[in-house]
Amino acid sequence: MIKILKYTCFDMLRSWWSYAYFLFYFVTSATLLNFSADASRAITSLMNIIITLCPLISTLLVVMYYYSSREFIELLLAQPLKRSSLLKGQFIGLAGSLSLSFTFGLLIPFLIFGLLSSENIINLSTLIGIGVLLTFIFSALGYLVALHHENKIKGFGTAIFIWLFMAVIYDGLFLFTLVLFNDYPTDKIALGLSFLNPIDLARIIMMLKLDISALMGYTGALFNSFFGSNTGLIISVAASIIWVIFPTHLFLRKAARKDF
Amino acid sequence: MIEFINLNKSFSKNLVLDNLNLNVSEGKISAVLGPNGSGKSTIIKCLLGLVLPDSGQILFDRQPIRNTWQYREKIDYLPQIARFPENLAISELIKMITDIRQQQGDSEALIELFELSPFMHKKIRHLSGGTRQKVNILLTFMFNNPVIILDEPSSGLDPVAIIRLKDLIHRERDNGKTILFTSHIMSLVEDLADEIIFLLEGKVYFQGSKEEILQFSDKPNLENAIASIISGDIPDPLKKKHLANYL
């Protein structure tokens, strides 16, 4: 697994994708820090970009990488290697190298602007943490989609739909449910529903950490009042980790039974 | 060494292998032939563990291969489509596969044989289809393992490279290796194969030497013999006799 991981990272280091991704975060983060009065506002704006963009790029890149290396995966599977080691290695290699591009893209401008006060460090690491979690979650979902669909068009279509659903449609459905059951106590439903969307969870983690109640949103406030800030944080991080493990387990199970 | 026992495989409702039984002759070059969809690629992929059979088993060195991967240390495989990570150079790719296989490979002689030295440090994406196939061949033959599986080995190669490939395959056979290959080019089959395994509708329809298949079909050459079997143009008594022998 380590070898495959190493070579996937090596391949990604040679690809312009990694650099473009790094450059995007670098430019965005530098611009926001330059124009914002204080770093925590820049962090909030960056969060909104990250929770939308990390899932989209990870899902699409993984699906694209899988389809373009389909024949090479076949060749590797014919080597004396365990199937699950090969796919785990590739998955961690891809999600890991995306996470690195993203981390450096955010971190370097903060270093350049000398904004590493202890409060900023905590907020920035939380921001990087949720970005990395989202990258791993959506890379695993990407593998799941790509392994299910031999047809590239269907694969890309499903990947984009999953992103659209989690990033946009889910919020609409969420609000619709709350309005529909307005006459009933909906707190627990709302709390339960927010566990089902990793993007929501990422937002909650960040808001609980930043402790900006005005930006917390309904579910963030619920988490805060229900569990308290710290317990809420632990629970939402744990739920996000389950969101990494569950799709990873599913795609590995799919791969074990798949005909290549 | 390699034995397929009562192998069945369907893709959705399409039955590809129908209770197939086959014993691959050791130390020979065997050509797997058959019309499109007869199961040639499927048996190769089943042997490599890429496709999982619905039932039946495959024995490698008398051991069932299901859920194991260590037996692949003894197999060198040349896939039909040569696609490698585009951002790697040939030399890096050789290093990578050697590292993954954890086997000592000898690439120098093959680099010279296929005149690949000028391309060694070029990225794969800048190589032509024929050169990629040469790289594919190099990665297959650089290791010294007892079984070699080749899927359409001559595709995209120029005549000089084809002649060198044939010599290479013969040399490996003379070294005692078992070689299994598929090809649509009958002249290559004629030059290489010691044994022909003919698949039809997911079963082994014929297994024997070139001379036997010519006799079996009553045709002057292999191309016509194969065409007549595929089109069903075989005199009935012969067919019955051979079916009784081989099925």
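**Helix and interface**

Mentor: Let's start with α9(A): 11 of its 13 residues are buried, so it is largely enclosed by the rest of the structure. Buried means under 20% relative accessible area with a 1.4 Å probe, protein chains only. Helices here are DSSP runs of H or I, at least four residues, and strands are E runs of at least two, numbered from the N terminus. Keep in mind that this is a predicted model, where local features need pLDDT of at least 70, side-chain atom pairs count only at pLDDT 80 or more, and totals for chains, interfaces and linings use all residues. Residues are numbered from 1 along each chain as its sequence is written, chains are lettered from A and ligands numbered from 1 in the order written, and side-chain values use heavy atoms, without hydrogens and water.

Trainee: Which residues of α9(A) are buried?
Mentor: Among them are I199(A), L201(A), I204(A), I205(A) and L208(A), plus the charged D200(A).

Trainee: What happens at the start of α9(A)?
Mentor: A side-chain oxygen of N197(A) comes within 3.0 Å of the backbone nitrogen of I199(A).

Trainee: New topic: how many residues of chain B are in contact with chain A?
Mentor: 29 residues of chain B touch 26 of chain A, contact being heavy atoms within 4.5 Å.

Trainee: And how many salt bridges cross that interface?
Mentor: The rule finds 5, each a side-chain nitrogen of Lys or Arg within 4 Å of a carboxyl oxygen of Asp or Glu.

Trainee: Which residue does D259(A) pair with?
Mentor: K9(B), with the closest N and O atoms 2.6 Å apart.

Terms used
Buried means under 20% relative accessible area, exposed over 50%, partly exposed in between (1.4 Å probe, protein chains only). A polar contact is a pair of N or O atoms within 3.5 Å; within protein, one must be able to donate a hydrogen and the other to accept it, and residues adjacent in sequence count only if both atoms are side-chain atoms.
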